[in-house]
Protein chains: 2
Amino acid sequence: MNLRQIEVFRAVMLAGSVTDAARLLHVSQPGISRMLAHIELQLGLRLFERKKGRLLPTPEAQALHEEVSEVYGGIRRVTERAEELKSGARLSLRVLASPSTALVAVPRAVAALASEYPAARIYLETLPTREMLGRLIRREADLAISTIPTDNALLASKPIGQWRLVCVFPRGHALTSKRLLHPRDVLNERLISFSRDTPQGRIIADWCASSQVEAASSVEVRSGQMACALAACGAGIAIVDDLTARACRSSELDFRPIVGSPLLGIFALAHEGFAPSVLGKRMIELAAASLKQAGRG
Amino acid sequence: MNLRQIEVFRAVMLAGSVTDAARLLHVSQPGISRMLAHIELQLGLRLFERKKGRLLPTPEAQALHEEVSEVYGGIRRVTERAEELKSGARLSLRVLASPSTALVAVPRAVAALASEYPAARIYLETLPTREMLGRLIRREADLAISTIPTDNALLASKPIGQWRLVCVFPRGHALTSKRLLHPRDVLNERLISFSRDTPQGRIIADWCASSQVEAASSVEVRSGQMACALAACGAGIAIVDDLTARACRSSELDFRPIVGSPLLGIFALAHEGFAPSVLGKRMIELAAASLKQAGRG
DNA sequence: GCGTTCCCATAACATCGTGTTATCCGGAGG
DNA sequence: CCTCCGGATAACACGATGTTATGGGAACGC
């Protein structure tokens, strides 16, 4: 029996006549008549007795109807479930954000995603870049936004934006007057430095070395936010990513781009062996848009 | 989604590729390819990511697959159930037999039915004719074999055989010498009579009256079996239906037809508003055959 | 590097299931 | 007796689903 046959049989049982079943299914009466005959022929089972021009369901038909009713509900559930999935309901997306993107870019994207898919369930977590990979590989997260790509064979990296190094200083600082800073401009300042064992710290250190910026740093931190917090307290100036600079303590701090600082990628990381859900795809788009918007602003 | 779509989707999920799904379903690969594209279009939901020429199920596909698996089992159950019904399994037939048909005719038919449908469940019960109607009307039985028809609007009677009155006497009795008895032959015998308030008793009494057989009866019974039992004990001769005469205490009794005795019907009674099952239909056929066979023997 | 192989997509066509309208037949009821 | 209602049948239309032939991209081995 195929689905149409189940539908027709059910309709005839419910309606009690071929004509009414046809009305129920919004088709013409001969179609139902022929289908019903075909079902009986195919099953080799008389389902209705034609008596005085009316249909009389046999006990077999009644027994079959019980079974069919259950299945029918199941089929409707499949279609309903597909609708749900389309709207994102009952689907979840677990997003990891690197510390620098976790301030504004990713939250804004997640907020947009949540409003587009009100029924979806979204989990968001900030994590040091290093930790992200394990989470993705163990399938404990679906998507990560990171400031460095990966060469892990199980994961795929897709560039979705860019960041660069900027110099952060308290509002009103002498550097405010310049639109662009040169490496030499920061030489005389007290510099808050990044630990070299963080990915960003290494990038900054590499660049400093290549630019011959050898700053005297008395404080060492492991995150851009911490650097900004210190700078806001007058502990010196810091070189951090522009995403953090833009978002962190912006009422107390100002920043300027640095001439010649490298342009680095922001990546969406996901498990290679599993296709993204609609939510995942959309999240990547929104994150890219959010990053572009931040870059402009 | 229709059944074919569910089948195809399931096959692709199980096989992991369009090509293998096609093999699984014994159809060509392009059919599956097109169907899959159609499903995605219709659902508005990307189910597989085409990556490096391979298929990668999305989380949506995996979620849908869970739902689909259940329904698929349900559909198979419907077909299985139909097969069962065809073979009579899980179907029951509740048969009532009148006292006279309950001796041989109906049991023989039921035995044949049970061997034709080994999986069927058959209930058999003897009941006074009067009680049968209520059972049928209350749907506590499906079919009754009775020696009288009914005019109840809810029930339908179908003639399936005939019976007649015969005279029963102990083997070796003087009447043995005759092939046919005349009403006057029984005049001089001690007659075991039927209560007039049983249907059969009334028929016998009516016929006796019309034949001017006014027998001296000292014993009155309410069933043919009882009459035969008495006759076997030498209590006299009895006028009973030929079905009972043939079957009851036949090693001690003999019987002869009576000239001019009426030919009466045996009927299959069933609820008019419900169609017979395959079992019911077949039971009627077998009962008719059994009665015909008894008539010949 | 190049041919081979595997897998998916597309095109063109055949067939069948399922829909339609028109029509007939039998039973019920005024 | 005629009409109405419900079911069955015939003839036809169309879309779903199947087929074969073919092309393109990625992976693999020589």
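How many residues does the contact take from chain B and from chain A?

## Basis of the model

This is a predicted model, in which local features need pLDDT of at least 70 and side-chain atom pairs count only at pLDDT 80 or more, while totals for chains, interfaces and linings use all residues. Residues are numbered from 1 along each chain as its sequence is written, and chains are lettered from A and ligands numbered from 1 in the order in which they are written.

## Contact between chains A and B

The contact takes 37 residues from chain B and 37 residues from chain A, where two residues are in contact if their C-beta atoms, placed from the backbone, lie within 7 Å. On the side of chain B that touches chain A, the elements giving two or more residues are helix H1 (3-15), strand S1 (48-51), strand S2 (54-57) and helix H4 (59-86) of chain B; helices (H or I, at least four residues) and strands (E, at least two) are DSSP runs, numbered from the N terminus. H4(B) gives the most to this side, with 17 residues. By residue class, this side of chain B divides into 22 nonpolar, six polar and nine charged residues, with Ala, Val, Leu, Ile, Met, Phe, Trp, Tyr, Cys and Pro counted as nonpolar, Asp, Glu, Lys and Arg as charged, and the others, Gly among them, as polar.

## Relation of the two copies

Chain B is superposed on chain A by a rotation of 179° with 0.0 Å of shift along its axis (RMSD 0.3 Å), and the two copies are thus related as by a two-fold rotation axis. The superposition is by least squares on the C-alpha atoms of residues with pLDDT of at least 70 in both copies. Of the residues of chain B, B:Leu3 comes closest to the rotation axis, at 2.6 Å (C-alpha). Because 100% of the interface residues of chain B are also interface residues in chain A, the copies meet through the same surface.

## Strand pairing in chain B

S1(B) and S2(B) pair in the antiparallel sense over four bridges, pairing being assigned if DSSP finds at least two bridges between two strands. B:Arg50 has B:Leu55 in S2(B) as its bridge partner, and in the hairpin of these strands, which has two residues between them, B:Lys52 takes a positive phi near 55°.

Strand S3 (residues 92-97) of chain B and strand S4 (residues 121-126) of chain B pair in the parallel sense over six bridges, with B:Val95 standing opposite B:Leu124 in S4(B).
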